[in-house]
Amino acid sequence: MKLFTCIVSLTFMVICHADNIDKNAVIQGYSNEASDPEGNYQFGYETSNGIQFQEAGNPAGVRGSLNYVSPDGEHIALAYTADEEGYHPVGDHLPTPPPVPAYVLRALEYIRSHPPPQLKDATQQQK
């Protein structure tokens with residue numbers, strides 16, 4: 001149910017965003033293959049203002065993509081999967097975490113090479 005809610009919310013946001021871009025946009029292409037007995041489905045649409053959306057899924061998960069031009073003129077391309085492990089979006093416009101600072105990497109390496117005594121004993125007993 002959470003997956004369905006995420007997908008519906010994403011689609012709704014795109015539709016609202018599209019309304020702000022071009023209120024006179026029309027659907028130029030639409031395909032909808034209803035769910036088969038195994039739960040597989042596929043649909044997609046394309047509008048006159050450049051929005052393209054495709055999605056396919058089954059009970060195990062969903063995959064899809066969305067393309068549009070932002071109000072700033074930036075081309076937005078979003079691909080995603082959603083399954084039992086969660087929602088996984090991929091796109092150049094999405095924020096990324098900063099790199100791990102060098103001092104943190106050095107600290108982790110030091111900890112790995114100098115384990116506490118109780119861990120040393122446990123690892124030696126396992127060998």
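Rings of Phe, Tyr and Trp, the last taken by its six-membered ring, pair if their centres lie within 6.5 Å. In this predicted model, Tyr41, Phe43, Tyr45 and Phe53 form one aromatic cluster.

A search of the whole structure finds four aromatic pairs. One of them joins Tyr41 and Phe43, whose ring centres are 6.3 Å apart; their planes stand at 20 degrees, so the pair is stacked, given that planes under 30 degrees apart count as stacked. Tyr41 has a relative accessibility of 23% and therefore counts as partly exposed. Tyr80 is buried, at 2% relative accessibility, whereas Tyr87 is partly exposed, at 37%. A pair of aromatic rings is described by the distance of the centres and the angle of the planes.

The largest nonpolar core has 10 residues in all: Tyr45, Ile51, Phe53, Val62, Leu66, Tyr68, Ile76, Leu78, Tyr80 and Ala82. Strand 4 (61–69) and strand 5 (75–83) are the elements that give two or more residues to this core. Strand 5 provides the largest share, four residues. Tyr45 and Phe53 belong to this core and to the aromatic cluster.

Asn49 lies between strand 2 (41–47) and strand 3 (52–58). Its relative accessible area is 17%, so Asn49 is buried. The side chain of Asn49 makes a polar contact, at 2.4 Å, with the side chain of Thr47.

Helix 2, finally, covers residues 102–113. This helix of 12 residues reaches 17 Å from its first C-alpha to its last, close to the 16 Å expected at 1.5 Å a residue. How many of the 12 residues of helix 2 are buried? The count is zero, and the helix is hardly covered.

Methods:
Residues numbered from 1 in each chain as written. Predicted model: local features only at pLDDT ≥ 70, side-chain atom pairs only at ≥ 80, totals over all residues. Heavy atoms only, no water. Expected span 1.5 Å × (residues − 1). Buried < 20%, exposed > 50% of the residue type's maximum accessible area, 1.4 Å probe, protein only. Polar contact = N/O pair within 3.5 Å; in protein donor to acceptor, adjacent residues only side chain to side chain. Phe/Tyr/Trp six-rings, centres within 6.5 Å; stacked < 30°, edge-to-face > 60°. Core = buried A, V, L, I, M, F, W, Y, C linked by side-chain atoms within 4.5 Å.
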